[in-house]
Amino acid sequence: MHGMAEQRWRVEVGPENAAWLATECRTALLAREYRPIDAGEGVVEFNRLAMGAIRELGEEEDGYVTDDGDGLRIWIGDDAFELERLD
């Protein structure tokens with residue numbers, strides 16, 4: 001169980017999208033441990049709790065996550081960005 005708490009993902013979405021995800025996305029309004037983190041240079045990181053929260057967004061919302069044959073992706077507008085698992 002200890003390893004699960006440290007799961008993290010990162011995604012390169014560009015500086016504007018990174019700032020938006022970290023400050024204006026619906027999940028950015030949650031408690032700190034559920035928020036995505038702007039890691040700088042257009043990269044956003046999610047811990048396990050933040051990933052769970054962002055997966056709750058509906059497909060009509062920016063920040064929506066899909067997990068299918070094309071991989072784990074986050075959508076902003078019509079653009080999809082691939083999430084990378086960090087171990």
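Trp75 stands opposite Ala80 in β6. The structure is a predicted model, in which local features need pLDDT of at least 70, side-chain atom pairs count only at pLDDT 80 or more, and totals for chains, interfaces and linings use all residues. Residues are numbered from 1 along each chain as its sequence is written, and side-chain values use heavy atoms, with hydrogens and water left out.

**Exercise 1.** Find the order of the strands in the open sheet and name its edge strands.

Solution. Step 1: strands are DSSP runs of E with at least two residues, helices are runs of H or I with at least four, and both are numbered from the N terminus. Two strands pair if DSSP finds at least two bridges between them. Step 2: β4 and β5 pair in the antiparallel sense over five bridges. Step 3: β5 (residues 71–76) and β6 are also antiparallel, with four bridges. Step 4: the order of the three strands is therefore β4-β5-β6. β4 and β6 (79–82) are the edge strands, as each pairs on one side only. Strands of a sheet pair through backbone hydrogen bonds, either parallel or antiparallel.

**Exercise 2.** Describe the two hairpins of this sheet.

Solution. Step 1: β4 and β5 form a hairpin with two residues between them. Here Asp68 stands opposite Gly71 in β5. Step 2: the hairpin of β5 and β6 has two residues between the strands, and Gly77 takes a positive phi near 65° there. Ile76 has Asp79 in β6 as its bridge partner.

**Exercise 3.** Decide whether Gln7, Gly40 and Glu59 are buried, partly exposed or exposed.

Solution. Step 1: buried means under 20% relative accessible area, exposed over 50%, and partly exposed in between (1.4 Å probe, protein chains only). Step 2: Gln7 lies in the loop between α1 (2–5) and β1 (8–12). Its relative accessible area is 17%, so Gln7 is buried. Leaving aside residues up to four places away in sequence, Gln7 touches Phe46, Asn47, Arg48 and Arg85, where contact means heavy atoms within 4.5 Å. Step 3: Gly40, in strand β2 (residues 37–40), has 28% relative accessibility and so counts as partly exposed. Step 4: Glu59 lies in the loop between α3 (48–54) and β4 (64–68). With a relative accessible area of 65%, Glu59 is exposed.

**Exercise 4.** Why is β5 largely enclosed by the rest of the structure?

Solution. Five of the six residues of β5 are buried, so the strand is largely enclosed.
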